[in-house]
There are 2 protein chains.
Amino acid sequence: MLPSIYNPEAPFTLGILGGGQLAKMTLQAVYRMGMQVAIIENGESSPAGVMTKKEFGGGWNDAASLEAFIAASDIVTLENEFVDPAILDVIAEKRLVFPTPDTMRLVQDKYTQKVTFSKAGIPTPQFAAIETKQDLFDFGEKYGYPFVAKTRKYGYDGYGNATIKRDTEIDMVWRKFMEGENPRPLMAESFVTFNKELAVMVARNKRGEVAVYPCVQTIQEGHICVTVLAPAPIEEPLLKRAQEIAVACVEEINGVGVFGIEMFLTPQDEIFFNEIAPRPHNSGHYTIEACYTSQFENHLRAVTNMPLGSPELRVGGAAMINLLGERTGSGIPDSVVEMLKVSDVALHLYGKKDSRLGRKMGHLTATADTMDEAFRKANTALERFVW
Amino acid sequence: MLPSIYNPEAPFTLGILGGGQLAKMTLQAVYRMGMQVAIIENGESSPAGVMTKKEFGGGWNDAASLEAFIAASDIVTLENEFVDPAILDVIAEKRLVFPTPDTMRLVQDKYTQKVTFSKAGIPTPQFAAIETKQDLFDFGEKYGYPFVAKTRKYGYDGYGNATIKRDTEIDMVWRKFMEGENPRPLMAESFVTFNKELAVMVARNKRGEVAVYPCVQTIQEGHICVTVLAPAPIEEPLLKRAQEIAVACVEEINGVGVFGIEMFLTPQDEIFFNEIAPRPHNSGHYTIEACYTSQFENHLRAVTNMPLGSPELRVGGAAMINLLGERTGSGIPDSVVEMLKVSDVALHLYGKKDSRLGRKMGHLTATADTMDEAFRKANTALERFVW
C-alpha cells in the first residue's frame with residue numbers, strides 16, 4: 001500500500017537512480033515540499049549524493065547497494081536513462097518505478113523509439129536498422145548523403161553519433177562502432193536540414209494527466225546543448241504543433257514521469273521528431289526560475305501521482321546558457337565572483353569535482369519581459385564567466 | 001585564510017546555527033550554487049537537518065557538538081536570533097561569524113535596538129526601559145494608554161508582548177513576566193495606531209554593498225504573520241521611505257547578512273521602525289519565486305562577501321500566505337492534494353513532525369502581473385488547504 005505522500009512521522013522518500021545535476025535539481029523540489037530523497041550512484045559525493053543522508057554509493061549494479069536503496073525508497077525514478085531494464089524489473093518487484101520498465105524498453109533503443117513513434121503517425125526522419133556494413137551503403141544510396149549513423153543505445157550529447165558525408169567514410173565509421181571489444185549496434189537516419197532545433201518537456205502522471213511546457217529553441221555547439229531560448233522564436237501554430245508531437249510521443253509509450261522531446265524545424269516549417277529522454281532534460285532547466293512549476297517539481301508530482309503543477313511561464317521569456325568545462329582539470333571556476341556581479345542572472349553550479357572539455361558544470365538562467373531581453377542578460381553574464 | 005568560496009575538492013561549507021525552515025530555505029540556495037551546509041540544532045531531523053549529512057543534533061550549548069560543528073564549517077551564520085552572544089564569541093575565535101557578535105548584541109535586546117536606532121534619527125515609537133512596576137504606571141501616565149509591554153529579549157511572533165489597555169492590567173502583566181522563576185526584563189512602547197504593517201528585507205555584505213528588497217505589506221492575525229503582499233499597496237514615496245529606513249537600520253548596526261525590518265504605517269502616512277530580525281524573515285519568503293535573487297541566496301552571498309544579487313521583482317506582484325497549525329497533533333496535512341490542484345501556486349512544506357496551534361508548518365506563494373491577482377490566486381489555493 002502506498003504510503004501517504006506527506007507524513008512527517010515517516011517522511012516520503014523518492015528514490016532516484018543517478019546522482020548527477022538532474023537528481024540534484026529534483027532534490028531541491030522534493031525538499032521544498034517536505035519530502036526526502038535517496039540517491040544511488042557509482043561513488044559518493046555526487047552532486048545529488050552530497051545533499052542527502054540516504055546516499056548509496058555502491059551503484060545499482062551492486063546487489064547489496066541496490067537492496068539498501070530499494071529499502072530506503074517509497075517510489076523509485078531515474079535521472080539517467082542508461083539503467084538496464086533488468087535492474088528496473090528487480091526494483092519493480094518491490095516498489096513502483098516510473099518511468100516503467102516497459103516504457104524504458106521502448107525508449108532506450110533509438111531504433112525502437114522511432115519504430116514506435118512513426119507507427120503512431122509522429123513525423124520522423126527516414127531511418128533503418130543497420131545489421132551489416134553494406135546496410136550503411138544501401139541507406140546512403142536510398143536516402144542520400146549526408147546521413148547519420150547512431151548507436152542504438154547509450155548515446156548522449158552527440159557521443160555515439162557520426163555524420164556520414166560520403167560513402168568513403170563508411171569503413172571508418174563501421175570500424176569505430178562495430179569492431180573491437182564492444183560492438184555497438186547501429187541505426188541510420190536521414191540528415192535533416194533544419195533551421196532550428198526545438199524541445200518540449202512533458203510531464204504525465206499515472207492518471208494520464210499531462211502538463212506541457214513551452215516549446216523552446218535549443219542551440220548546440222559540437223552536439224552539446226549550449227543555449228535554450230524560451231519560448232522558441234517561431235510562430236504560434238508551430239509552437240503548438242511541437243507541443244502536440246511531444247504529447248503524442250509520451251502517450252504512445254504510456255510515459256509516467258517527465259520527458260524531454262527534441263525536434264527539428266525545417267526551412268519548410270515541418271517539424272520532425274528527433275530524440276526523447278525519459279527524465280528531466282537540459283532544455284527544461286529554465287523552468288526553475290521561469291515557470292510556475294519546474295520540470296523537477298512536476299517530475300516528483302508525476303511519479304507520485306499528485307496533480308501536476310502549471311507548466312506556464314510566470315515571466316515573458318527566459319534564456320539558459322550551459323557552463324561547459326573548457327579543459328580537463330579540477331572543477332574550479334576562476335571567476336564566479338565576476339559573473340555574480342551581473343546580479344539578475346541565476347547561477348547554478350553542480351559541484352562536480354572534475355572538469356573536462358564539454359562537461360556540464362553548471363548553467364545560468366535569465367528571465368525578462370521578452371526572450372530577447374533574457375538572452376541579452378544571459379550573454380552579458382556569460383562573458384564574465386571563466387573556468 | 002578564507003577558503004575559496006567554490007572549490008569542489010574542499011567544498012565550501014556554510015555553518016548555520018538553527019535547523020528550522022529558514023535554514024531549510026537557505027540550504028536550497030547554497031546547494032544550487034554548488035556549496036554545502038552544516039546544521040547545528042537541538043535534536044536531529046529538523047527541517048534543515050534532514051537535508052545535510054553535516055548535522056549536529058547536540059545543539060550549540062553542548063561543547064562537543066559545538067566544536068564539531070565549528071570544525072565542519074568555513075563561515076558561520078544563524079537562522080535563530082536567540083543564540084547567546086557568548087556562544088557567538090566562542091565561534092568567532094575560530095571562524096568568521098555573520099552577523100557579528102557585536103551586531104547581535106545591539107539587536108537581541110529590543111530596548112538596545114530602539115536606543116541605537118532612535119539616536120541615529122530613525123523614527124521609533126516612544127519607549128523606555130522598565131525596571132520596576134511603577135515604571136509601567138509612569139509610562140502609561142506619560143504617554144497614554146494603550147501601550148505595549150515587551151520582554152527585552154527572546155520574544156517572537158507576539159510571544160513576550162502584552163498590550164496594556166488600562167492601569168488595572170499592570171499588576172497582572174508585571175506578575176506574568178517578572179515574578180516566578182525566570183523574570184524577563186521589560187521595556188514599554190507607545191502603541192502605534194497603524195493602517196498597515198510594512199516590512200523590508202535588506203542584505204549587506206562585508207564590503208558594505210547593500211541589496212534592498214521591495215517594501216511589502218504584512219498582515220498579522222493574533223500577532224503571527226499570516227499574509228505578505230508584494231509590493232505593498234502604498235504610494236511610491238512611502239515605499240522608498242520604508243526602504244531608506246530599513247537600510248539606515250542595517251548600516252547603523254554594521255550589519256552583515258540579511259535583515260528583516262518591520263515598520264508601522266500610520267493614518268498620517270508616517271513610518272515608524274517596529275522590529276528588526278538579523279536573519280531571513282517570514283516577510284521575505286515570496287522572494288524565492290518573485291525576485292531575481294531570494295533573500296536566502298543573498299544571505300549566503302552577504303556572509304561570504306560575494307557580490308549581492310538583484311533584489312528586484314522578476315514578476316509584477318506576489319502574495320504569500322503562511323500555513324499555520326490549527327491544532328496540536330501530528331504535522332500531517334489532510335488535503336495537500338486538493339490544494340495542489342490549484343496548479344500555479346507554489347507550495348512549501350517544512351516537514352515538521354508536530355503541529356500546534358499557530359505553528360508555521362509551511363507557506364504558499366503566488367505570483368502574477370499584479371499583486372492583487374497574486375493575492376486572489378493565493379487565497380484560492382488556501383481555501384482548499386486543510387490540516
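Tutor: Here is a short walk through the chains, their contacts and a few backbone details. This is a predicted model, where local features need pLDDT of at least 70, side-chain atom pairs count only at pLDDT 80 or more, and totals for chains, interfaces and linings use all residues. Residues are numbered from 1 along each chain as its sequence is written, chains are lettered from A and ligands numbered from 1 in the order in which they are written, and side-chain values use heavy atoms, with hydrogens and water left out.

Student: How many helices and strands does chain A have?

Tutor: Chain A has 12 helices and 20 strands. Those are DSSP runs numbered from the N terminus: helices are H or I with at least four residues, strands are E with at least two.

Student: And what are the spans of its C-alpha trace?

Tutor: About 65 × 50 × 45 Å along the principal axes of chain A. The radius of gyration of chain A is 21 Å, which agrees with the value near 21 Å for a compact globule of 387 residues. That radius is taken over C-alpha atoms, and the globule rule is 2.2 Å times the number of residues to the power 0.38.

Student: Now the interface. What area is buried between chain A and chain B?

Tutor: About 4400 Å², with 56% from carbon and sulfur atoms. Buried area is the accessible area (1.4 Å probe) that two parts lose on being put together, summed over both. Chain A puts 50 residues into the contact and chain B 50 residues, where contact means heavy atoms within 4.5 Å.

Student: How many salt bridges there?

Tutor: Two between chain A and chain B. The rule wants a side-chain nitrogen of Lys or Arg within 4 Å of a carboxyl oxygen of Asp or Glu. A:Lys53 pairs with B:Glu55 in a salt bridge, N to O 2.7 Å.

Student: Which elements of chain A give two or more residues to that side?

Tutor: Helix 1 (21-32), helix 11 (336-340) and strand 18 (345-349) of chain A. By class, the side of chain A that touches chain B has 21 nonpolar, 15 polar and 14 charged residues. Nonpolar covers Ala, Val, Leu, Ile, Met, Phe, Trp, Tyr, Cys and Pro; charged covers Asp, Glu, Lys and Arg; the others, Gly among them, are polar.

Student: Switching topic. What are the domains of chain A?

Tutor: Domain 1 (13-97), domain 2 (126-190) and domain 3 (196-384). The bounds come from an automatic or database domain assignment. The centres of domain 2 and domain 3 of chain A are 29 Å apart over C-alpha atoms.

Student: What's buried between domain 2 and domain 3 of chain A?

Tutor: About 500 Å², 31% of it on carbon and sulfur atoms. One salt bridge crosses that interface. A:Lys150 and A:Glu275 form a salt bridge, with the closest N and O atoms 3.2 Å apart.

Student: What does A:Arg32 form a salt bridge with?

Tutor: With A:Glu297, closest N and O atoms 3.0 Å apart. A:Arg32 is in helix 1 and A:Glu297 in helix 10 (residues 295-303) of chain A, so the pair ties together parts 265 residues apart in sequence.

Student: Last one, the backbone. Where is the cis bond to B:Pro146, and in which loop is B:Pro146?

Tutor: The cis bond runs from B:Tyr145 to B:Pro146, omega near -5°. B:Pro146 sits in the loop between helix 6 (133-143) and strand 7 (147-151) of chain B. A:Asn254 has a positive phi near 50°, in the loop between helix 8 (236-252) and strand 14 (257-265) of chain A.
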